[in-house]
Amino acid sequence: MKRKPLDDLGELQRSVLETVWELGEASVHQVRERLTQHRKLAYTTVLSAMQKLEKAGWLDHRAQGKSYVYFATQTREQAGAGSVQRFVKRIFAGDALAMFQHLIQEGNLNADELGELKRMIEEREKEQ
């Protein structure tokens, strides 16, 4: 089954996935404990979200005693790269240069941010 794009996940599923990324791996109890700091959630609600993420290919699990420990099947960076690629394709017809031009012209970047972009470009040029 094809993995649902990160951008298409619901708020709770994204929060669960972010929590698993932060912890590296986690039980339902650990995820619920983190998430209930911000809002009240039932154990079964978190369990259901984690099972849906597993079915969708975002999480996998291993048994640890009588419970499961879940872990992400992709890093945050891998998932983010896919989202950026889909965004560039959808909004800028795949033209990354057009996206950067837009960000530079319309992004209200300060001098430090522009300097960082320049440094990243120079570093990339050295790699090639």
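This is a predicted model: local features need pLDDT of at least 70, side-chain atom pairs count only at pLDDT 80 or more; totals for chains, interfaces and linings use all residues.
Q: Let's start with helix 1: what should its 13 residues span, and what is the distance between its end C-alpha atoms?
A: At 1.5 Å a residue the 13 residues of helix 1 should span 18 Å, and the end C-alpha atoms are 18 Å apart, which agrees. Just after helix 1, G24 takes a positive phi of about 90 degrees.

Q: Which residues of helix 1 are buried?
A: In helix 1 the buried residues are Q13, V16, L17, T19, V20 and W21.

Q: And what do the buried residues of helix 1 pack against?
A: The buried residues of helix 1 pack against helix 2 (28–35), helix 3 (43–55) and helix 4 (76–92), and also against strand 1 (59–64) and strand 2 (67–72).

Q: Back to Q13 for a second, what does it touch?
A: Not counting residues up to four places away in sequence, Q13 touches A49, K52 and L53. Q13 sits in helix 1, which covers residues 11–23, and with a relative accessibility of 15% Q13 counts as buried, the cut-off being under 20%.

Q: How many residues are in the largest nonpolar core, and which have the most contacts inside it?
A: The largest nonpolar core has 20 residues, and L17, V31, M50 and W58 are those with the most contacts inside it. Helix 1, helix 2 and helix 3 each supply at least two residues of this core.

Q: Take M50, then: what is it in contact with, leaving aside its neighbours within four places in sequence?
A: With those neighbours left aside, M50 is in contact with V16, V20, A26, S27, V28, V31, L59 and Y70. Of these, V16 and V20 are among the buried residues of helix 1, and Y70, at 2% relative accessibility, counts as buried.

Q: Switching to rings, how many aromatic pairs are there in the whole structure?
A: A search of the whole structure finds 2 aromatic pairs. One of them is formed by Y68 and Y70, which are edge-to-face, with 6.4 Å centre to centre and 80 degrees between the planes. In the pair of F87 and F92 the ring centres are 5.9 Å apart and the planes lie at 70 degrees, so that pair is edge-to-face, given that planes over 60 degrees apart count as such.

Q: Are Y68 and F92 buried or partly exposed?
A: Y68 is partly exposed, with a relative accessible area of 43%, whereas F92 counts as buried at 18% relative accessibility.

Q: What about Y43, where is it found?
A: Y43 is found in helix 3, and it is partly exposed, with a relative accessible area of 42%. Leaving aside its neighbours within four places in sequence, Y43 is in contact with V28, H29 and R32. The C-alpha atoms of Y43 and Y70 are separated by 15 Å, and the two residues are 27 residues apart along the chain.

Q: On to charges: how many salt bridges does the count come to?
A: The count comes to 7 salt bridges. Among them is the salt bridge of E11 with R39, whose closest N and O atoms are 3.5 Å apart.

Q: Which parts does the pair of E11 and R39 tie together?
A: E11 lies in helix 1 and R39 in the loop between helix 2 and helix 3, so the pair ties together parts that are 28 residues apart in sequence. E11 is exposed, with a relative accessible area of 61%, while R39 counts as partly exposed at 29% relative accessibility.

Q: Which residues are linked with them in a network of salt bridges?
A: E116, R119 and E123 are linked in a network of salt bridges.

Conventions. Residues are numbered from 1 along each chain as its sequence is written. Side-chain values use heavy atoms; hydrogens and water are left out. Helices (H or I, at least four residues) and strands (E, at least two) are DSSP runs, numbered from the N terminus. Buried means under 20% relative accessible area, exposed over 50%, partly exposed in between (1.4 Å probe, protein chains only). Contact means heavy atoms within 4.5 Å. Rings of Phe, Tyr and Trp (its six-membered ring) pair if their centres lie within 6.5 Å; planes under 30 degrees apart count as stacked, over 60 as edge-to-face and the rest as tilted. The expected span of a helix is 1.5 Å times one less than its number of residues. A nonpolar core is a set of buried Ala, Val, Leu, Ile, Met, Phe, Trp, Tyr and Cys residues joined through side-chain atoms within 4.5 Å. A salt bridge is a side-chain nitrogen of Lys or Arg within 4 Å of a carboxyl oxygen of Asp or Glu.
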